[in-house]
Amino acid sequence: MTARIIDGKAFAEAMRARLARQVAALAARHGVRPGLAAVLVGDDPASQVYVRNKEKQAAEAGIVSSGRRLPATTGQSELLDVVRALNADPAVDGILVQLPLPRAIDPQAIVEAVDPAKDVDGFHPMNAGRLASGREALAPCTPLGCMMLLKDALGSLAGLNAVVIGRSAIVGRPMAQLLLAADCTVTVAHSRSRDLPAIARGADILVAAVGRPRMVRGDWIKPGATVIDVGVNRVPADGGKSRLVGDVAFDEAVQVAGAITPVPGGVGPMTIACLLANTLAACCRRRGIPLPADRAT
Ligand SMILES: NC(=O)c1ccc[n+]([C@@H]2O[C@H](COP(=O)([O-])OP(=O)(O)OC[C@H]3O[C@@H](n4cnc5c(N)ncnc54)[C@H](OP(=O)(O)O)[C@@H]3O)[C@@H](O)[C@H]2O)c1
């Protein structure tokens, strides 16, 4: 048996096209366009690429970007002032502060300074708490993207056994909360879990969010399971080059699973699409406008 490949790239493209139509309809009916402010501190090349991609895809969807570029020498109080100004700016619906931040700045203090109603990354404790208590929340984009792929692949997830490997605040924990909200029976595994292969073998849905290349082997997977590989790991390749691999040994897993996300081209493209969906949702909620009926979030 060979697993069905879950094409996150195509799914994200279709989602962004739908969002562009919804943003255009919002502008036509209500005269508003969602605004997204990305704040980048310093000159980390990877962060620059991420922010540029987010702004490019936002613009393609008709979302207005108002980014701030700050030098690496920016202090915490200066960054807090920028965040507070964006909180107060009525044209800004979504604020994202690109992580990591320079060492001198406490990232948690910055995350907690963002207005929860504009927290389109879904990192604010208020949104984490709302998500954990089963209330409406802006959820973190990567797990949100995983959920969309899962619901598209499986339809109802009710009653399925889901195992999430990883318990970070931005991926593993919110992923577990979203699966629970979808009526799965959820197990969260981590670096102290005992007999991880046996835990994983109980999963109808296996989500790997660890950051360890090819850690999940083929014989960890229940035949027919749906495997979502969140990991993005750069490993050496032939000719002195490098390539991206996930947390799952794809060549082995594809022989056993029922469906599986590849790396790249699986979960990755969904993250920015969900950021745009969160920005549209934040815009509508803040202004008391009904959300589009076929909305993503
Ligand atoms: N596709 C995307 O858009 C996207 C977005 C975000 C992240 N990612 C990728 O997803 C992966 C995870 O990201 P993250 O931010 O959640 O990472 P993280 O904060 O480093 O968390 C990793 C988690 O994996 C657990 N872990 C580490 N080694 C383990 C082991 N040997 N066995 C079982 N669990 C283990 C850790 O357990 P403890 O809690 O016990 O330490 C921790 O909970 C990374 O590869 C990252 O690049 C991708």
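Which atom of the ligand does a polar side-chain atom of Arg212 lie 2.8 Å from? It's a nitrogen: the model puts a polar side-chain atom of Arg212 2.8 Å from a nitrogen atom of the ligand. Keep in mind that this is a predicted model. Taken by itself, the ligand exposes 930 Å², and 69% of that is buried by the protein.

Now for the rest of the ligand's surroundings. There are 22 residues around the ligand, and Arg167, Ser168, Ser191, Arg212 and Thr271 come nearest. Two of the serines deserve a look. The side chain of Ser168 has an N or O atom 2.5 Å from an oxygen atom of the ligand, and the side chain of Ser191 likewise has an N or O atom 2.5 Å from a ligand oxygen. Sorted by class, the shell comes out as ten nonpolar, ten polar and two charged residues.

Asn233 is part of strand 10, which runs over residues 233-236. Is Asn233 buried or exposed? Asn233 counts as buried because its relative accessibility is 7%, and the cut-off for buried is under 20%. Its side chain makes a polar contact of 3.0 Å with the side chain of Asp247.

Finally, zoom out to the whole chain.

Definitions and conventions:
Residues numbered from 1 in each chain as written. Predicted model: local features only at pLDDT ≥ 70, side-chain atom pairs only at ≥ 80, totals over all residues. Heavy atoms only, no water. Near = heavy atom within 4 Å. Polar contact = N/O pair within 3.5 Å; in protein donor to acceptor, adjacent residues only side chain to side chain. Areas by Shrake-Rupley, 256 points an atom, 1.4 Å probe, with all protein chains shown as cover. Nonpolar A, V, L, I, M, F, W, Y, C, P; charged D, E, K, R; others polar. Helix = DSSP H or I, 4+ residues; strand = E, 2+ residues; numbered from the N terminus. Buried < 20%, exposed > 50% of the residue type's maximum accessible area, 1.4 Å probe, protein only.
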